[in-house]
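Have the sequence and the 3D view open while you read.

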Amino acid sequence: DIPVTFMVDETNFGIELSAGEGKYRLAGQDGNDFPKIPAIESNATISIQSEALVTAISKTIFAAANDELRPNMSGIFCELNEDNITFVATDAHKLVRYRRTDIKSNSSASFILPKKPLNQLKNILSHDDVPVTMDFNQTNAHFAYKNFTMTCRLVEGKYPNYEAVIPVENPNKLIVERSSFLNAIRRVSIFSNQSTYQVKFKIAGQELILNAEDLDYSNEARERISCQYEGEDLEIGFNSKFLVEMLNNLGTDDVLMEMSQPNRAGLVLPANNENPDEHILMLVMPVMLNN
């Protein structure tokens, strides 16, 4: 609760702090050496509500890759067009596509935003209706929100064709209560193999049986959950860590899983979409079962 005085020596940039009876010295550096903020001659500008941008980052960033050999997959792919704005993240094992139809751009554009600055941006933004202005060109993106501005370099490279890996025909549809499903997977996964985290789904009639085992330690777990199911009886394996991440990022009471074959990707979707302008799709690759 006392004033702090800064004294700066302009010859060697030494700084002396005085606060009450205390004096503190530390070395400084010439401010002219600080990196300059790059000026963006913007190709395009778009305005997004803070709440929408926070949600888009939160629901996709966990699926981005950490692979340094594939830097183009280590960020979030942003696609703008006249109908919607889409955010996509994938690491080749799981994929998340978050789309808003209430946010549109006058021109089409696409770029890859790096993960680290987006984590910083997510902490700065709040869940409110204050707009965030985003300017971008071929190399940089600039975000302006209240009294904050943030500039980051875009990730170079071409993003993979994510639409090609999303299965279209999925006749087997499973609807289950999200929280009980999530808690059951968490419990069962403790007993799974700690290298694959495989949990086997056995779906027949209106019940889902979750099974996990670790043969090295003779661990095994089995749980039964009631569900709504349309389709043929199915046995399929998934990485439980990926499913837990996805279910944690879905806010609806019930989730819908769409599947086709044990060797084809499964889709995880909200069963009842509360916001008609918000569309979220999550894809998870199966783990081959050892029968």
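In what order do the strands of the open sheet sit? The order is β4-β9-β10-β11, with antiparallel pairing across these 4 strands. Before going further, a word on the model: it is predicted, so to speak of local features a pLDDT of at least 70 is needed, side-chain atom pairs count only at pLDDT 80 or more, and totals for chains, interfaces and linings use all residues. Residues are numbered from 1 along each chain as its sequence is written, and side-chain values use heavy atoms, leaving out hydrogens and water.

**The sheet and its helices**

Helices (H or I, at least four residues) and strands (E, at least two) are DSSP runs, numbered from the N terminus. Two strands pair if DSSP finds at least two bridges between them. Strands β4 (44–49) and β11 (148–153) stand at the edges with a single partner strand each, so one side of each has no neighbour in the sheet. From one strand to the next, the twist averages 20°. Between β4 and β9 (residues 131–136) there are 6 bridges, and threonine 45 has aspartate 135 as its bridge partner in β9.

Contact here means heavy atoms within 4.5 Å, and angles run from 0 to 180 degrees between N-to-C directions, with axes fitted to C-alpha atoms (for helices, over the stretch in contact).

| Helix | Strands touched | Angle |
|---|---|---|
| α1 (residues 50–60) | β4, β9 and β10 (140–145) | about 90° with β4 |
| α2 (residues 115–124) | β10 and β11 | about 165° with β11 |

**Two buried residues**

Buried means under 20% relative accessible area, exposed over 50%, and partly exposed in between (1.4 Å probe, protein chains only). Valine 54 lies in helix α1 and is buried at 4% relative accessibility. Beyond four places in sequence, valine 54 touches Lys122, Leu125, Ser126 and His127.

Aspartate 91 sits in the loop between β6 (85–90) and β7 (94–100). Is aspartate 91 buried or exposed? Aspartate 91 is buried, with a relative accessible area of 12%. Its side chain reaches the backbone nitrogen of histidine 93 at 2.9 Å.

**The cores**

A nonpolar core is a set of buried Ala, Val, Leu, Ile, Met, Phe, Trp, Tyr and Cys residues joined through side-chain atoms within 4.5 Å. The largest one has 68 residues, and among those touching the most other members are Phe143 and Met257. A second, separate core has 14 residues, including Leu95 and Tyr159. In soluble globular proteins, nonpolar side chains tend to be buried together.

How values were computed
A polar contact is a pair of N or O atoms within 3.5 Å; within protein, one must be able to donate a hydrogen and the other to accept it, and residues adjacent in sequence count only if both atoms are side-chain atoms.
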